Amino acid sequence: MLKLEGITIFFGNKAILDRINLSLETGRTTILIGPSGCGKSTLLRAIIGLLTPDQGRIEFDGNELSPENITKSRYRMGYVIQDGGLFPHLTALANVSIAAESNKLEKHSIRKRIEELRRLVQLPSDSLERYPAELSGGQQQRVGLMRALMLDPDLLLLDEPLAALDPLIRADMQSELRDIFRSLGKTVLMVTHDMGEAVFFGDRIVLMREGRIIQSGKPEDLMQHPADPFVTHFIQSQRNPLERRSTV
Amino acid sequence: MRVFPIISLVVVMSFIPKDITMAQSITVGSKKFTENVILGEIASLLIRDQRLQTEHRRELGGTRVLWNALLRGDIDIYPEYTGTIIEEILYSADLPDSASLDEVLNEFGIGMTPALGFNNTYAIGMRRALAAKLEIHTISDLRQHPDLAIGFTSEFLNRRDGWPGLRQRYNLPHLNVRGLDHDLAYRGLEHGSIHIIDMYSTDAEISLYDLVALEDDAGYFPVYDAALLYRLDLKDKAPALVAQLDSLAGMISESDMIAMNRRVKIDRIHEARVAADFLAQRLGLNVTPRIAGVQTRLLRTTLDHLTLVFISLTAAILFAAPLGIMAAKHKRTGRLILGATGLIQTVPSLALLVFMIPLFGIGSTPAIIALFLYSLLPIVRNTHSGLQDIPISIRESAIALGLPAATRLFRIELPLAGRSILAGIKTSAVINVGTATLGALIGAGGYGQPILTGIRLDDTQLILEGAIPAAVLALLVQGIFDLAENLAIPRGLRLDFNKRSRS
């Protein structure tokens, strides 16, 4: 459904993405992980067309993405970022419905869809009348997810959607999100820097470093058959909270 | 998008009152000193005596302003002096010795009445007591006293027949020379901050302040016989009027003029009254002067001022907001737009007003255009910065949602930049209200008119009649925009703002 071939983006002389090849399987969740600055968010931004690759091609559902067809393709991709990116001057409801309205969808079906999504992300109904500043961080992310899902996209792109939440809410939302992804059967590409989260969500994990993909595969593959000492190093650096104490 | 500013400009321009071209009305102009205003009133009363419509644009900016307005037909008549015509207006025209001044003027389509009867020449004056103490009798004597402080009108400082020529002819060494308003110069003299001024020989203040005019021993100053200049087409439009104007020939002696100046400046009698009395005594004409009361005046100036501000500001908003958007969208065009509007702002407001005269004449049109240009920068800059300051995450979210450019602009970006845009409009409006007072100098009326008259007549009450309403209007405008901000800024943004300011 999504296929990247040789994607390269330069920032000055430095390649922040270096010949990335990747293809996503339909209905599966793929996790992009790596240290900060490795290019994982950049890759997401290139897919949704916020950045144009200097080299390489992106194929979405069999068609190569270009500046001409990117707007149409965006309706079939949902994009959620860390701080939600909600429009502060619009209510949650307006945030969720703006793309549908701009697509001239019927009022009735918009309302129906919003109700469906609200139940899915478990938001209280009165919260949709509120402005983003009146919502908690977790609620903002739920609204952001509703907005991304509004047009029933084939592909969901999530850029550290839970990173700004405090740990308890984060844990709850992780399970909720995973259930949502499974129940919807969407193709998901999610960026995180947290190995635990990656293992929890990922059918497949793609580990990046300095603009390149180091290894990709099932979580067990990365742990048992690391392609590079960096893989082991990266996995081990994310310690279990009790690990240090048990080694003493 | 690109034609929008042009269309809006055209629409707004069509609302500009066509006050200058009022049919069959004869417009009189006058310079911004009392004698000229009185002569202008005399001409207006004669026009009304002919049962013709008339309007008197008093206290216009200077010789150039009036001459150009006369050539363009914005005014039909104004009082001028022969010396000024030869030395200042026609200095670049090569005057053939044989031709009379009349003939030269006719080539411009301008006629001149015979001399009215008095010579209001320039004189160099100082207080009698000081002159006696320093034993100064002639202008040549000034050479021995290079330390005396000089205060000349800016017109005299710069005109060919003024200070540059005088200094050369008499070889005067003075360095401490300042330019200031004629009416303020008398006050400076009384106060002792300046010692020497230029004055007109018919000024009422000469006797009031006990001044002495120094003898022009080198015969430098030409003769300044007063006369009325008028457009030759008046001969067809109102032949009887021209005959009437001509009949003023030799009727006003120097002592008559000094007496009239004194009645206005010292006895505080309205120019129109003084002019009417003169016509009644000398020509046996019975014309009642129309003198507006405070309320009528205030209503008139308020309407004039509001018209200037409203039209120029509306046009500026319609034009500047799209420019600001363009500047934010295209970096290179943006630099150009911000540079150009910034450049306009560096032109002093008075100069900008005067630049408008050759293009648009006098009256409200050039003032509105100058105010329009002046109001652009704050709106352009704030629209630009308001759009630029939108967080990248929000701008990109709108793109990633697949919203078309127009939807992004009108539903996301402009509302988010609204506070900044509104602040820019508010700044423009407040500056506009203040700057519009200068419009009076080019005949646009408004609150500047009583201020100008008040300065001329040393009448604080009259100055306040313009200054206080202008200040009140500025505060009012500010209040209205504060209110508009509360209504127009979406609640979501105000919440956001509160949160930020609290933390």
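Select chain B and look at its contacts: of those with a separation of 6 or more, 78% join residues 24 or more positions apart. Keep in mind that this is a predicted model.

Stay on chain B and colour by secondary structure. The chain holds 23 helices and 10 strands. Now colour by burial. Of the 503 residues in chain B, 44% are buried.

Next, bring up chain A alongside chain B. Here 20 residues of chain A are in contact with 22 residues of chain B. On the chain A side, two elements give two or more residues each: helix 2 (70–74) and helix 3 (92–102). Pick out helix 3 of chain A, which gives the most, with 3 residues. Then colour this side of chain A by class: 13 residues are nonpolar, 4 polar and 3 charged.

Turn to the backbone of chain A. Most residues other than glycine have a negative phi. Two stops go against that pattern.

Select A:Arg19. Its phi is positive, near 45°. A:Arg19 sits in strand 2 of chain A, residues 14–24. Is A:Arg19 partly exposed or buried? It counts as partly exposed, because it has 15 C-beta neighbours inside 10 Å.

Move on to A:Gln122. Phi is positive here too, near 60°. Where is A:Gln122 placed? Look in the loop between helix 4 (107–121) and helix 5 (137–149) of chain A. A:Gln122 has 12 other C-beta atoms within 10 Å, so it is exposed.

How values were computed:
Residues are numbered from 1 along each chain as its sequence is written. Chains are lettered from A and ligands numbered from 1 in the order in which they are written. This is a predicted model: local features need pLDDT of at least 70, side-chain atom pairs count only at pLDDT 80 or more; totals for chains, interfaces and linings use all residues. Helices (H or I, at least four residues) and strands (E, at least two) are DSSP runs, numbered from the N terminus. A residue is buried if 20 or more other C-beta atoms lie within 10 Å of its own, exposed if 12 or fewer, and partly exposed in between; C-beta atoms are placed from the backbone. Two residues are in contact if their C-beta atoms, placed from the backbone, lie within 7 Å. Ala, Val, Leu, Ile, Met, Phe, Trp, Tyr, Cys and Pro count as nonpolar, Asp, Glu, Lys and Arg as charged, and the others, Gly among them, as polar.
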